[in-house]
Amino acid sequence: MAEDKETTKGRYRALAFVKGESLAKEKDREVSKDEVHTWPYLVRVEFLAAIIMTIILMVWAITLDAPLEDPSDPTLTPNPAKAPWYFLGLQEMLVYFDPWIAGVIYPSFIVIGLMVIPYVDVNPKGNGYYTLKERKFAILTFCFGFHVLWILLIIVGVFMRGPGWIWFWPWETWDAHRVVAETNYDLTHFIGVDSKSFLGSVIGGSVVVLYYFVTLTIPYLFLKLIGSQTLEKLGIVRYAIVALLFWTMMTLPIKMFLKLVFHMKYIWVTPWFNI
Amino acid sequence: MGNKKEKGSILKILRLIREHGVVNVVKDMTLNSQVWRSFFRHGLEDTPKTRMETIINNSFLHLHPAKVKRHAPLFRFTWCMGGITFFLFLVLTITGVFLMFYYHPNVRDAYWDMKGLEYHVPFGTLLRNLHRWGAHLMVIAVWFHMFRVFMTGSYKPPREFNWVIGVVLLVMTLLLSFTGYLLPWDQLGFWAVTVGTNMARATPLLGHEGPFGNLLGMTAYNDIRFALLGGSLVGGNALLRAYIWHCIGLPMIVSTFLIVHFWRIRKDGGISGKL
């Protein structure tokens, strides 16, 4: 068909109908060992996922109405006033830290900490497959931060906190008049020093500085001593970043422990800020 | 197939119908018509070539490469979470545009527009429910996506930068959800945003209640919270700012980062796999 070629120059065209088995079909899964065609193998999965999501969302939206409370009234503060659920981990941290840490410093550290992960994780293993054995520290640290410190605190914030941000179990009714008698102490009170005094401030500050000094240097020296390959690969800058982020993250469970067990409010009191 | 005289004539068509049947001829003529071929640059035969062309020649599908790694369509590898997040983003964009038709971002109308959706707009409640629950689902899907990418180590070189983009998108998703929370102008949104933005007061240096804030001359009328709210309280200006960030500002930023995010997947060697 020379004529047809002229009219459809540069385009492919079915020239004849040939009955029989197609050359492709499922068999081309075996054509390449590592790859499959996006159409249809990936696109159909995406299509299916979109349909399933649509069904889930539709059922959810039909059966459950979005909340709409009374018109906003700046003079009528609800008790408790809760942030959106995905920020309740941060609001829960307010029990243990002042707003500038719980609401500003920690969120910044979380975002920055997440961003630096690929640059401080020098372990080339576990790229593209699941493994716990080959990257234990990375996975355990991430899961502790994500599941325990983030998700669990959100669950606490959503379900366990009632009026006055007091702990209520889900089966308890919220009693707006319940008062929890609690005396809080600052760290230096335990050794009989007023935390607001100059001496108390110096002691508290020393404890904070010492915490970071010890947690940064001791593991470093230990790893150096046992001739850690990982440390060598990390280098001192990456090590310092990892250690700083890790031990800052650990201040939350430590402070939670101190607050819940020893009723400790502040470790370091200064005229400008409290930690 | 015939001589020059027959070409394009009714006789030729009749002869083809006789030989191949009406369905095949109509199909063939449609697929070879100028209109069809201006839409679709490829045939429908199931061959490897057509499969590749289906992806390459379609503006939406060409986000994908023509071939993907064998494990890419597997649910246990991707959990479909990135795709579902993007799908929910599209759902939210579409339902959001519909909602904008019925919404006035001012203190007088905003709440009653919600009631209007319920009582006057056909399927208005469903529309709002879809948007609200879709937003919650998107936050959850983003978190699952991040968790999966971490567990498969897919942030490792050469994908470090795309992880950073992903963290930005995660933060943007939370901010989108947060700005949307205020728009119904009910007690729930009002106080959630009040609690949330009160944190900004405590920002070190930039908030009037934060450490060293007053040293920089911060007051309730010039600090970072004032910039966020357009005032010292959550009011009409805050509502308008939330609305513009929610409907215009943040979607523009998210779209930009999404483009980079998707583009980088391919530039960084496609979906991750054992190297």
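**Helix packing, strand pairing and burial**

In this predicted model, the axes of α4(A) and α9(B) come within 8 Å and cross at roughly 165 degrees.

Q: Why are α4(A) and α9(B) called roughly antiparallel to each other?
A: The angle between α4(A) and α9(B) is roughly 165 degrees. Angles over 145 count as roughly antiparallel. Therefore α4(A) and α9(B) are roughly antiparallel to each other. Their crossing is right-handed.

Q: Which residues of α4(A) and α9(B) meet?
A: From α4(A) come A:Val111, A:Leu114, A:Met115, A:Ile117, A:Pro118 and A:Tyr119. From α9(B) come B:Glu160, B:Trp163, B:Val164, B:Val167 and B:Val171. By class, this contact has 10 nonpolar residues, no polar ones and one charged. Glu counts as charged, and B:Glu160 is in the contact.

Q: Why are α8(B) and α9(B) called roughly antiparallel to each other?
A: Helix α8 (residues 124-151) and helix α9 (residues 160-182), both of chain B, pack at about 165 degrees. The cut-off is over 145. α8(B) and α9(B) are therefore roughly antiparallel to each other. Their axes lie 10 Å apart. The crossing of α8(B) and α9(B) is left-handed.

Q: Which residues make the contact between α8(B) and α9(B)?
A: α8(B) brings B:Ala135, B:Met138, B:Val139, B:Val142, B:Met146 and B:Val149. They meet B:Gly166, B:Leu170, B:Thr173, B:Leu174, B:Ser177 and B:Gly180 in α9(B). The classes are eight nonpolar, four polar and no charged. Gly is counted among the polar residues. B:Gly166 and B:Gly180 are in this contact.

Q: How many residues does each chain bring to the contact between chains A and B?
A: Chain A gives 72 residues and chain B gives 84 residues. On the side of chain A that touches chain B, the elements giving two or more residues are β1 (35-37), α2 (38-63), α4 (99-120) and α5 (136-160). α2(A) gives the most, with 14 residues. That side of chain A divides into 46 nonpolar, 10 polar and 16 charged residues.

Q: What makes β1(A) and β1(B) a strand pair?
A: Pairing needs at least two bridges between the strands. β1(A) and strand β1 (residues 67-69) of chain B have three bridges. The pair passes the cut-off, in the antiparallel sense. One of the bridge partners is known by name: B:Lys69 in β1(B) partners A:Glu35.

Q: What is the order of helices and strands in chain A?
A: Chain A has seven helices and one strand. Along the sequence the pattern is α-β-α-α-α-α-α-α. Of its 275 residues, 21% count as buried.

Q: Why does A:Pro99 count as buried?
A: Burial takes 20 or more other C-beta atoms within 10 Å. A:Pro99 has 21 such neighbours, so A:Pro99 counts as buried. A:Pro99 is found in helix α4 of chain A. Beyond residues up to four places away in sequence, A:Pro99 touches A:Leu94, B:Met199 and B:Ala202.

Q: Why is A:His263 called exposed?
A: The limit for exposed is 12 or fewer C-beta atoms. A:His263 has 11 others within 10 Å, so A:His263 is exposed. This residue lies in the segment after α7 (229-262) of chain A.

Q: What makes B:Trp79 partly exposed?
A: B:Trp79 has 19 others within 10 Å, so B:Trp79 is partly exposed. B:Trp79 sits in the loop between α5 (75-78) and α6 (81-100) of chain B. Phi of B:Trp79 is near 60 degrees, also a positive value in a residue other than glycine.

Q: Where in chain A are A:Pro40 and A:Pro80?
A: A:Pro40 is in helix α2. The peptide bond from A:Trp39 to A:Pro40 is cis, with omega near 10 degrees. A:Pro80 is in the loop between α2 and α3 (88-93). The bond from A:Asn79 to A:Pro80 is cis, with omega near 0 degrees.

How values were computed. Residues are numbered from 1 along each chain as its sequence is written. Chains are lettered from A and ligands numbered from 1 in the order in which they are written. This is a predicted model: local features need pLDDT of at least 70, side-chain atom pairs count only at pLDDT 80 or more; totals for chains, interfaces and linings use all residues. Two residues are in contact if their C-beta atoms, placed from the backbone, lie within 7 Å. Helices (H or I, at least four residues) and strands (E, at least two) are DSSP runs, numbered from the N terminus. Axes are lines fitted to C-alpha atoms, for helices over the stretch in contact, and angles run from 0 to 180 degrees between N-to-C directions. Angles under 35 degrees count as roughly parallel, over 145 as roughly antiparallel, 65 to 115 as roughly perpendicular and the rest as oblique. A crossing is left-handed if the near helix is turned anticlockwise from the far one by less than a right angle, and right-handed if clockwise.
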